[in-house]
Structures are given as structure tokens and as C-alpha cells.
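Hello,

Please find the structure below, with the sequence alongside. My notes on its aromatic contacts follow.

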Amino acid sequence: MTEATIQSTAATPLAASPLAAFAAVQGGVSLQERPLCGKITLRGELGDAGFVAACEQALGAAPQASLAPPQALSAGTLYWMGPNEWLLHCELSEVPTLLTALAQAAQGAHLAAVDVSDYYLVLRLQGADARDVLTRGTPLDVHPQVFTAGEAVNTRFAKCSVLLHAVADDCFDLQVRWSHAEYLWQFIEQAASQYNG
């Protein structure tokens, strides 16, 4: 990792969502695309005092290495993605400002921040039977005593890599790459159809 690697796609117009033509699924289990938000991948070492200080200065807190729950920061919501990697969800309009703040705060620290706002989208699955729908696509144990409200974890779902966030007991956000979104939507829609008959 080079020192203070900051990349932004802010000057590039965001393409229309691959799900723009898909109507929200309504019924006992609902499915809809969440509004586009800013997303910044952040990499660095928690053992690096410069990285921690830069994050504290630019984001308001040091990242934590924890699966759950995501960190609520003044800058947005920070998800732990794995060793030395986090994903910040923020207001789309704030992405350039946050990237600039991270670059200025880095001061030689080993830190990488990349705008991935139009690389991922988020689907919201909601309803009393939402956990049953999840069991059809993921090996993760999503029983409410195991995967509790507030937790977020990287997992596989219908052969796709997703960030699964239990927003509430019956409400889940699945973050997926744009290139997999149509496939994932159709998989979930089919799985939910038996609850929406």
C-alpha cells in the first residue's frame, strides 16, 4: 500500500442502477433497492498510529476490527470488511469532502481510500419471513439468536459475495456488486414468491 492513496470517481457521472427497471416486491416479504449512497473503501493498519490518527481526524473515530455492529460515525456508518479493510457508507455528496479530509490527515501514514459508490448497491429485504428467504441463499446461520439485529457480516448469498446487515429482526440490507445485482434480485424475488402468493 502506498502512502495516502486516495482515489475518487466523483467526476464521473454515476450510471443508472442495473435495477432501475425492476419494480419493488411487495407482500409478506418485500424487496427494494435502497437509495444510492456514498461508499468509500478504507484500508490501513490499526497498529499504525498515523492511520488511526488520520481516521480520527477525518472521520471522527478510529476504525474498529469487529463484525458487529457497524460503527456509527459523524461521517456515516463504518463496516468492518476484514483485516485492515473497512467500508464507509455516507452521503453521496460528502464523498469528495471525506476523501480530501483523509488525504490531508494522512500526513505520510499508510492509508488507502477509494470511492466505490457506483460499484455496490444495497437491497433491502423485509418481512416476517425474511430470515426464511435468507436461508435459501446463504450458509450463514441467520437464526435470530445467532445473527442478531445490528450485526453485519460478509458472506455468500446465491453464489454472490454480499455484506449482510441485520437492520432489525425482520429487516436486512444486502450490499452486492452492481454486476451481480440483477441475478441476486431475481433469486430473492423467486425465493420470496411463496410468501407473497
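F187 has a relative accessible area of 25% and is therefore partly exposed, since the class runs between 20% and 50%. This is a predicted model, so please read the values as computed from it. F187 lies in helix α4 together with Y183, four residues away, or about one turn of the helix. Y183 is also partly exposed, with a relative accessibility of 38%.

How are the rings of Y183 and F187 arranged? Their centres are 6.5 Å apart and their planes meet at 50°, so the pair counts as tilted; an angle over 60 degrees would have made a pair edge-to-face, and one under 30 degrees stacked. Y183 and F187 also belong to one aromatic cluster, together with F157.

The search over the whole structure gave six aromatic pairs. Among them is F22 with W185: the ring centres are 5.8 Å apart and the planes stand at 70°, so this pair is edge-to-face. It connects distant parts of the chain, because F22 sits in the loop between β1 (5–7) and β2 (29–33) while W185 is in helix α4 (residues 178–192), 163 residues apart.

F22, at 25%, counts as partly exposed.

Regards

Terms used:
Residues numbered from 1 in each chain as written. Predicted model: local features only at pLDDT ≥ 70, side-chain atom pairs only at ≥ 80, totals over all residues. Heavy atoms only, no water. Helix = DSSP H or I, 4+ residues; strand = E, 2+ residues; numbered from the N terminus. Buried < 20%, exposed > 50% of the residue type's maximum accessible area, 1.4 Å probe, protein only.
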